[in-house]
Amino acid sequence: METQQLQQILKELRFTAGLSEEDQKKLAEISRPQDFPKNATIFTEGCEHNDIYVIRSGRVEICMSIPARGCLPVLTLEAGDLVGWSSVLQQGEMTATVAAVDDTQTIAIDAAKLRALCEEDHDIGYQIMRLIAKALSQRLVASRLQVLDMFGDASSYNNTPEGASE
């Protein structure tokens, strides 16, 4: 797929839509399409991985290994979402296992080339890291809501301060 076609796809994806045309072109130059069939493992927790992905279509499930319980799903991502951020931050090992729930099309971005691009062009580096931070913030909120759902009973919470009446 040509850089121009990849750039057009990046314009349409939620994660990269806000980047300037010039930045989308730079990103397209270090990207390639990569498809995963349903149930394919994209990467495994504890392994090193060299790509970051923006989902074009389909869905992926993030699972984490829990002792005595196996690999449990923690989040499902869909078109426009980012997968594999650890490889950009040079975390080393991936923090979760990700598998395709459906046939999934992605744009794979070479993490080493993305780091180099961010180092040489701090403006795009700031934009990319801002987008990654936003994606991680949304996942943190989703995780908090999941924890509340798992361990809390909404009827047992009283948000009214002590002594106040409704």
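A: **The largest nonpolar core**

Of the 25 residues in the largest nonpolar core, those touching the most other members are Leu27, Leu82, Ile109, Leu114, Ile128 and Ile132. A nonpolar core is here a set of buried Ala, Val, Leu, Ile, Met, Phe, Trp, Tyr and Cys residues joined through side-chain atoms within 4.5 Å; buried means under 20% relative accessible area, exposed over 50% and partly exposed in between, with a 1.4 Å probe and protein chains only. At least two residues of this core come from each of helix 1 (3-12), helix 2 (21-29), strand 3 (51-57), helix 3 (85-88), strand 8 (104-110), helix 4 (111-120) and helix 5 (122-151). Helices (H or I, at least four residues) and strands (E, at least two) are DSSP runs numbered from the N terminus. Helix 5 supplies the largest share, five residues. Apart from this core lies another, of 15 residues, including Phe43, Ile55, Val60 and Val98.

The model is predicted: local features need pLDDT of at least 70 and side-chain atom pairs count only at pLDDT 80 or more, while totals for chains, interfaces and linings use all residues. Residues are numbered from 1 along each chain as its sequence is written, and side-chain values use heavy atoms, with hydrogens and water left out.

Leu82 is in contact (heavy atoms within 4.5 Å) with Phe15, Ile52, Tyr53, Val54, Leu77, Ile132, Ala135 and Arg139, leaving aside neighbours within four places in sequence.

In helix 4, the buried residues are Ala111, Leu114, Leu117 and Cys118. Seen down the axis of helix 4, they fall within an arc of 120°, so they line one face of the helix; the arc is that of the directions from the helix axis to the C-beta atoms. Glu119 and Glu120, on the other side of helix 4, are exposed.

Grid points are joined across faces, edges and corners, and a volume is the space filled by probe spheres set on the points. The largest cavity, of about 30 Å³, is lined by Phe15, Leu27, Ile52, Leu82, Ile109, Leu114 and Ile128. The largest pocket has a volume of about 350 Å³. Helix 5 gives the most to the lining of this pocket, with five residues.

Methods:
1 Å grid on protein atoms, 1.4 Å probe; cavity = no way out; pocket = protein on both sides within 12 Å on 5 of 7 lines; lining within 4 Å.
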